[in-house]
Each structure stands twice: as C-alpha cells, then as structure tokens.
Amino acid sequence: MAPVEVPVSRRRRAQQKRSKTGCRTCRARHIKCDESPGSVCQNCTSTGRICEGYDMCRLPHKRTDVYLPDIANRLCWIMNSDEKRCFSYFHHHSISSLISFFDSPLWQKLVRQLSHTEPAVYHAVNVLGAVQEDSEEYDMRLAGVNLYRPRHRFALEQSARSYALLNKRHASHDPQFKEVTLVCCLLFTLSELLLGQYNTALRHLRSGLQILNEAATYTNCLSAIDQSLVEAFVRLDAQSSHFGTDGPLLHLNKEGEEAWSYSDTMSLPRNVQEARRELNHVLTKGIPFLSECWARSSTEIRLNYDSMHFTQQSLLASLAQHKQRFELFCEQSYATLSPKEQRGAEIIRLHYLAQILSIKTCFFHGPIPGYLTTEYASLLSAHEALMAKFPERSTTTLDNGIIPGLYVVASKCPDYRVRLRAIKALQSWPHCEGLINSNIAASLALESLKRELMEGNKNELSLIIGDNEVELVRFLFDTLSSTERAAHWSMIKASRILQDVP
C-alpha cells in the first residue's frame, strides 16, 4: 500500500507542538509547554512530574551537530537538545584535543565515565564543550565573558546547574564526592582559561589544590583519588608559579610524595607514560625556579646568588641524569612505539632541551651571549620538525607541549630572525597548554622584540610590523588589563613591557 501523503499544513501543526522555549521537562518530552510564569510549569505539576525549570537561552541551530547515539537513554536525567550538542562536542572533539599529545585515563576513562553518572560533571563538561567551540572560532583569542554570545550564556547556565548540584551534596559523606568536585574544578579551570578569565581560573585551581592538600594532610585519603587527576593538578600547580606570587600551592604528604620521588638507581622507564611522569617530576622543580628567576631583578639575583646558583646547578645535574636515562629508553624502545607514542617521546626530548637551556640562561636579564644562538636555533628546528607531524592540531590540552620551548626561543635567542621564526611558529598553532596560551606567548615575545628593535636595530623593525601583529599585541594588552595582578606574572616581569601593564 502506498504511503499516505501528509499535508504540509498538518506537518507544520505537528512541528509546532514541540516546545522550543518551554521548560526543560516539556522540551525533553517533545510536547508544547504552557510556559507558566515562575520556576515551574503547570503542564508538569498537573501530571505529577518534576518540572526542571526554564533555560536562560538556546543555542543557534546547526545542521552539522553530531550527537552520541541513544545518548538520552544512557543517562538518568533530562537532557535538552543544546546539552546533547555540547555533551557530544566534548566527547567527540574536546577529549580528542585533550589527549592529542599523550593518552590519559583522566579523560579517556575517569571524566568520560563520571560525565555519564554524575550530573554535576555532566553540566561541567557541557560548559567546556560550549566554551571550547566558541573559542576556536576566534583562534583562541577570546578574552572575557560576552553574554551577547549564546554559547557564553549557555555555559553560564550550565555552570550554575553544576554549582547547585555540588552545593547540594556538600554536606554528604559520599566518598566519591571529593573526586567529583576535583573533576569539576578542573573543567571549570579549563573553561575559564579559554575565556581569558585568569583570575577566575586560578581561583578554581586553588580550590582543587586545597582539596588535595586537605586529603593529603588531614584525612590521609589521597590514595583514594585517581592518580591521573592528581597528576593534572600537579602540572597546573607548577605552571601557576608563572602567574602569581603564591604558587605552587600543593604540599603532598609522604603518601603522595612517593609517587613523585625518583632514585638515580631506579630502572629505565618501561613506556612513554613513565618517561612522561619522570619529566613532570623534574618540571615541578624547574618551572617554579624559572618563574622565581624571571620575576627577580638583577640586583635581587646578585644578593641571593649563592643559594640560587646552588639550586641552578642541582637542577641542571638532575635534568642531565634524567635526560640520559630517557635517551637510553629511546635507544631501546623507540622503534617499537606507536606513531603517537613516538611523537610523545619527541615532545619529552624537546622539554628536556628547553628546560636545560632555560635554566642555564635564567640569570641573564640582558642580552644572551651570541655563542648560544646555535642551541636556540637547533631547539627551534626540532620544534618545527615536530609540529609538521601534527596535521590535525589540538586547541586545548593539559599537557606540556610545544609552547614553553618555542617561547624560550622567541623571547631569548640573540638572533632576531630566529626569534621571529619562533613567534611565527607560535602564531601558526593557536592553542592552550594548561595555563599557557600560545597567543599570549607569541604576543608577549613579539612586543618585547619590537621594543628591542626600536632601541637598537630600527632597520629590522619592518620585519614585525603588520596588521596581524598589531591585532595580536592588542589581544595581549586587553587580556592583561582585564586580569588582576597580571603585573606579577613572571613572564611580564621578565619582559620589557612592565610599565604598560596596569
């Protein structure tokens, strides 16, 4: 029997029954909501249902939305189409970006699972999905919350729902609540960083670090928290020393320190993940020392030279030992690694090289000696070669990747043309690595280079003058002017633009 043709007018009436502006419950049931004033609708209460209330905004429709199959059937709470869209974006895109350098059970297992079982985490991943999608449209240069943008309004509403759920469970004795809260802190930190909201991001980070400190010091339950989650906070804590005067803040007790202590006599790393943990252990010592050196004046360094020189030499010795162990691991295992693991090994090698060069030159507040140009140029070439192996480039990750090494070259190399190449490399891959934004690193290095050229090499100034460069520097100062205590960032203190920062 031939199918009966449904008149267009009837199809339109059927479509009009679906609620587009009603309460969440009616929209999830695909029925028309009476949109009663107040916090709940009569359509729900009259049938004995719990009304989930009204959303503040709706996202613009996109025909290219990709949803997880049968996603609503797997969750125990109501989802609307906008949440499905951002939830799907997080799982299909954000997780891939977050593990682009190294695989991680944090994103591939813990957060993925919690987002399906914990409503607070579910709403928090929606925040990150919405903000990341919006930030990518602006090449990761978005500074500040703009409530005229639908995704920002949606993210604000989703974060409020997540906060409310966390506050509701705050007094509970649920053993998983601590881990849920830490995951939400991490997701909120990343979301605020993508918005350029460093003050808020650092507050979320400090909240998570406080929870970890209490778990280690008072309740002695650090081992109950997923180790990959602890590692993420350790990395961000080390990075935070560049963005204020009170970091790092994490003080693990013996239980936590055992996971981060290494002996010179221990065996070689068994895989890339163990090699990465050894690198991160060294970076948790080296990054705060670099931030201290960059933030201090030449006079302060001279007054504290003996103790600082001892620390410098100890770090260089430790870096050399760890790098040697890593190179032995590569000699034995590199050929058997997967392509992604090989790229990860190359990232680890670049970090050892960059960290050694940075600590070796950290006491220089003036021009770097010309004989070091070759080391800077080699470091840049190695970064450029690695970047060529990433045709699909991530926008957000917690891992230490290419930005630190490129910034070292872009801000310190004696050869201005090499520095400009490093700046161009940073500009070619707009993304965030934890707290570090490639646009901020590039614009800061560019402004420092411009000032140096204006002082002594004006003939070279034409190399860096252009509309894109002007826009990039404007982005830098917009970010700094809206960020409290930006003048205390170690990179700002080490640069020559301190007088322009409010």
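Glu433 stands opposite Ile436 in strand E3, within an open sheet of three strands that has the order E1-E2-E3 and mixed pairing. This is a predicted model, in which local features need pLDDT of at least 70, side-chain atom pairs count only at pLDDT 80 or more, and totals for chains, interfaces and linings use all residues. Residues are numbered from 1 along each chain as its sequence is written, and side-chain values use heavy atoms, with hydrogens and water left out.

**Sheet**
- Strand E2 (residues 432-433) pairs with E3 in the antiparallel sense over two bridges, where pairing requires that DSSP finds at least two bridges between the strands.
- The edge strands, each pairing on one side only, are E1 (396-397) and E3 (436-437).

**Helices H10 and H11**
- Helix H10 (residues 198-217) packs against helix H11 (residues 227-240) at an angle of about 125°, with the axes 10 Å apart.
- The two helices, H10 and H11, are therefore oblique to each other, a term for angles that are not under 35 degrees (roughly parallel), over 145 (roughly antiparallel) or 65 to 115 (roughly perpendicular).
- Leu202, Leu205, Gly208, Leu209 and Leu212 in H10 are in contact (heavy atoms within 4.5 Å) with Val230, Phe233, Leu236, Asp237 and Ser240 in H11.
- By class, this contact of H10 with H11 has seven nonpolar, two polar and one charged residues.

**Helix H18**
- Nine of the 10 residues of helix H18 (residues 403-412) are buried, so H18 is largely enclosed by the rest of the structure; buried means under 20% relative accessible area with a 1.4 Å probe, protein chains only.
- The buried residues of H18 include Ile403, Leu406, Tyr407 and Lys412.

Methods:
Axes fitted to C-alpha atoms, helices over the stretch in contact; angles between N-to-C directions. Helix = DSSP H or I, 4+ residues; strand = E, 2+ residues; numbered from the N terminus. Nonpolar A, V, L, I, M, F, W, Y, C, P; charged D, E, K, R; others polar. Buried < 20%, exposed > 50% of the residue type's maximum accessible area, 1.4 Å probe, protein only.
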